[in-house]
Amino acid sequence: MPVDTTSALLSWYAVDKRALPWRASGSETADPYRVWLSEIMLQQTTVAAVKPYFAAFTARWPTVEALAEADEAAVMSAWAGLGYYARARNLIACARTVVREHGGEFPGDEAALLKLPGVGAYTAAAIAAIAFGRRAVVVDGNVERVVARLFAVSEPMPGAKPKLRALMDRLTPERDAGDFAQAMMDLGATICTPRSPDCGRCPVASGCAARAEGRPEAYPVKAPKTAKPQREWTGYWLRRGGEVLLVRRPPRGLLGGMLALPVEPPAVAEWREVGAIDHVFTHFALTMTVLSAEGDAEGEWWPVERIAEAGLPTVFAKAAAVAAAA
Ligand code: SF4
C-alpha cells in the first residue's frame, strides 16, 4: 500500500493542489524566506487567518534581510491579532541569525535549520523538504490525522505520535518529499477533514483502513479531555481626555513585549466596572473584568479613536472595545 498511496497522492496534488501565496507556481523553486515565514505564521493558525498577514509582511519586508533590519516594535505591531506572540519575537531573532550567521541565505538541511530561533522539528522538516527538495518527514496535525486514518491507528493521541511519524516516514518518497508533505496537508485540509472526511473524493480511499472499517472520523483516537484552568484578570482603561493609557508588557512571558491595557491599577482613581470579556489561551481560559476611570499616570497615551492602530493583542483589543463603547 505505501507506494501506491504515495504516488496516488502525488498525482492528485499535481492537479488539485491549493493555490497558496507562499507556494511556488509551475517550475519555480519555492523561496525559503516565504516558506519559513508562512510555516511560522501557520503554526496553530488557519490558512485564512494567515493570508492577509503574509501579504502584509512580504509587502513590507520582502526579504529576510529587510525583516532582520526591521524595528521590533513595528514587527510586533504588524503581528498583532495573529496570536502566539513568541512566534513574532522569534521571527525577528531568526531573521537576524540568518543574516548574521548564514549570509542571508537559509541553510538547507534540517539540523542547521533546527538551530534557528523558533524553528522546531516540524518547521525544519517542512523548510528542508519544500524549499530545498530534501527528503524530510513532515508531520503536522493534518498529516497526523490522515496517517492515523490510512492505517487505522488505534492508540490514542498524543501517545500515538511516534507511531504516526514512523508511518509517515514509510510513506515519504526519496524525491518530491516537499510535494508529498504538501499533498498530505492539502488532503487533510480539504478532503480528510476532522469532522466529515469526504472519502468519496479521496485519491487514496482504496488504501485507507479507516474507510474500510466505515468510521474514519473515529481517528485519530482522542485521549479523554481535561478542562482548561480558568483565570481572572482585570484590565484598566484609564482615560485622559481623548486618550487612553497603554503599557508595554514585560519582554518575557505571556504576550511579552506587546502593548496592552494595564492589568494592575495604574493610578488611584474612581474605577467603575464597564464590562467583562472572555478569551481562551492555549493553556487557560481567561475572564477579564474591565474597569474605567479618568486620571493620569506614567505610560504611553494613545488617542482612543485610533486604538485599533495600537496593535493590541486580541484579548486587550476585546477589552478596549468594551471600554470604548461604555
Ligand atoms: S479515505 Fe477518507 S478517511 Fe481515508 S484518507 Fe481518504 S478522506 Fe481520509
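Pro158 is placed in the loop that runs between α9 (141–150) and α10 (161–171). In this predicted model, the peptide bond that joins Met157 to Pro158 is cis, with omega at about 0°. A cis bond also links Tyr219 and Pro220, and its omega is about -10°. Pro220 belongs to the loop between α12 (209–213) and β1 (230–240).

Gln44 is a residue other than glycine with a positive phi, near 60°. Gln44 sits in the loop between α2 (32–42) and α3 (47–60). As a general rule, most residues other than glycine have a negative phi, and most peptide bonds are trans.

## Packing of α2 and α3

The crossing of α2 past α3 is right-handed.

From α2, the contact draws on Arg34, Leu37, Ser38, Met41 and Leu42, and from α3 on Val47, Val50, Tyr53, Phe54, Phe57 and Thr58. Sorted by class, the contact of α2 with α3 comprises 8 nonpolar, 2 polar and 1 charged residues.

## Packing of α5 and α6

Helix α5 (residues 72–79) and helix α6 (residues 86–102) have axes that come within 9 Å and cross at roughly 135°. The two helices are therefore oblique to each other, and the crossing of α5 and α6 is right-handed.

On the α5 side, the contact is made by Glu72, Val75, Met76 and Trp79; on the α6 side, by Arg87, Ala88, Arg89, Leu91, Ile92 and Arg96. This contact of α5 with α6 has 6 nonpolar and 4 charged residues, and no polar ones.

Asn142, Val143, Arg145, Val146 and Val147 in α9 meet Met184, Met185, Leu187, Gly188 and Ala189 in α11. The residues in the contact of α9 with α11 fall into 7 nonpolar, 2 polar and 1 charged.

## Domains and their interface

The domain assignment divides the protein chain into domain 1 (2–218) and domain 2 (230–325). The C-alpha centres of domain 1 and domain 2 are 35 Å apart. Contact between the domains involves 8 residues of domain 1 and 12 residues of domain 2.

About 700 Å² is buried between domain 1 and domain 2, and carbon and sulfur atoms give 54% of that area. Within domain 1, the residues that lose the most area to domain 2 are Met76, Tyr85 and Arg89, which together account for 57% of what that side buries. Of these, Met76 and Arg89 also take part in the contact between α5 and α6.

Key:
Residues numbered from 1 in each chain as written. Predicted model: local features only at pLDDT ≥ 70, side-chain atom pairs only at ≥ 80, totals over all residues. Heavy atoms only, no water. Axes fitted to C-alpha atoms, helices over the stretch in contact; angles between N-to-C directions. Helix = DSSP H or I, 4+ residues; strand = E, 2+ residues; numbered from the N terminus. Parallel < 35°, antiparallel > 145°, perpendicular 65-115°, else oblique. Left-handed = near helix turned anticlockwise from the far one by under 90°. Contact = heavy atoms within 4.5 Å. Nonpolar A, V, L, I, M, F, W, Y, C, P; charged D, E, K, R; others polar. Domains from an automatic or database assignment. Buried area = accessible area lost by both parts, 1.4 Å probe.
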